[in-house]
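Please look over the sequence and the structure shown here.

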Amino acid sequence: MLLDDTDVQRAFAAHLRLLREQAKLSREALAERSSVPAATIKKFELTGQISFRQLLLLWQSLDDLARLFALTRSPVKHAVMPTSIEEVLKDDL
């Protein structure tokens, strides 16, 4: 599965929106809790567009920030990308 930045942005937006809804928080209530303006939260939930700092503020308000931080501590496995169509077909990607 090929992902691009938009896919990841929208996944983060959907995750945080779900958490907001599960917590029964309006955008305005989350704005007060996180210091991120409600209009910015709405734009983020609809488009995935937000500054990294504001994403962290929302995440901290809705989830455990340590979980997000832990992603930076996991060993990174660098996948070897195919260099030809033959390699792609051979590996059944």
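## The two sides of helix 2

On the face of helix 2 that is turned away from its buried side sit the exposed residues Glu 28 and Glu 32. Exposed means over 50% relative accessible area, buried under 20%, and partly exposed in between, with a 1.4 Å probe and protein chains only. Helices are DSSP runs of H or I with at least four residues, numbered from the N terminus. This is a predicted model, in which local features need pLDDT of at least 70 and side-chain atom pairs count only at pLDDT 80 or more, while totals for chains, interfaces and linings use all residues. Residues are numbered from 1 along each chain as its sequence is written, and side-chain values use heavy atoms, with hydrogens and water left out.

The buried residues of helix 2 are Arg 27, Leu 30, Ala 31 and Ser 34. Seen down the axis of helix 2, they fall within an arc of 105° (taken from the directions from the helix axis to the C-beta atoms), so they line one face of the helix. Their cover includes helix 1, helix 3 and helix 4.

## Helix 2 against helix 4

The axes of helix 2 (residues 27–34) and helix 4 come within 9 Å and cross at roughly 100°. Axes are lines fitted to C-alpha atoms, for helices over the stretch in contact, and angles run from 0 to 180 degrees between N-to-C directions. The two helices are therefore roughly perpendicular to each other, a term for angles of 65 to 115 degrees.

Helix 2 makes the contact (heavy atoms within 4.5 Å) with Leu 30, Arg 33 and Ser 34, and helix 4 with Leu 57, Leu 58, Ser 61 and Leu 62.

## An aromatic pair

How many aromatic pairs does a search of the whole structure find? It finds one. The ring centres of Phe 12 and Trp 59 are 5.5 Å apart and their planes are at 55°, so the pair is tilted. Rings of Phe, Tyr and Trp (its six-membered ring) pair if their centres lie within 6.5 Å; planes under 30 degrees apart count as stacked, over 60 as edge-to-face and the rest as tilted.

Phe 12 lies in helix 1 (residues 5–22) and Trp 59 in helix 4 (residues 52–62), so the pair ties together parts that are 47 residues apart in sequence. Phe 12 is partly exposed at 23% relative accessible area, whereas Trp 59 is buried at 6%.

## Two loop residues

Most residues other than glycine have a negative phi. Lys 24, in the loop between helix 1 and helix 2, has a positive phi near 55°. Just after helix 2, Ser 35 takes a positive phi of about 70°. Lys 24 is exposed at 75% relative accessibility, and Ser 35 is exposed at 55%.

Notes: Parallel < 35°, antiparallel > 145°, perpendicular 65-115°, else oblique.
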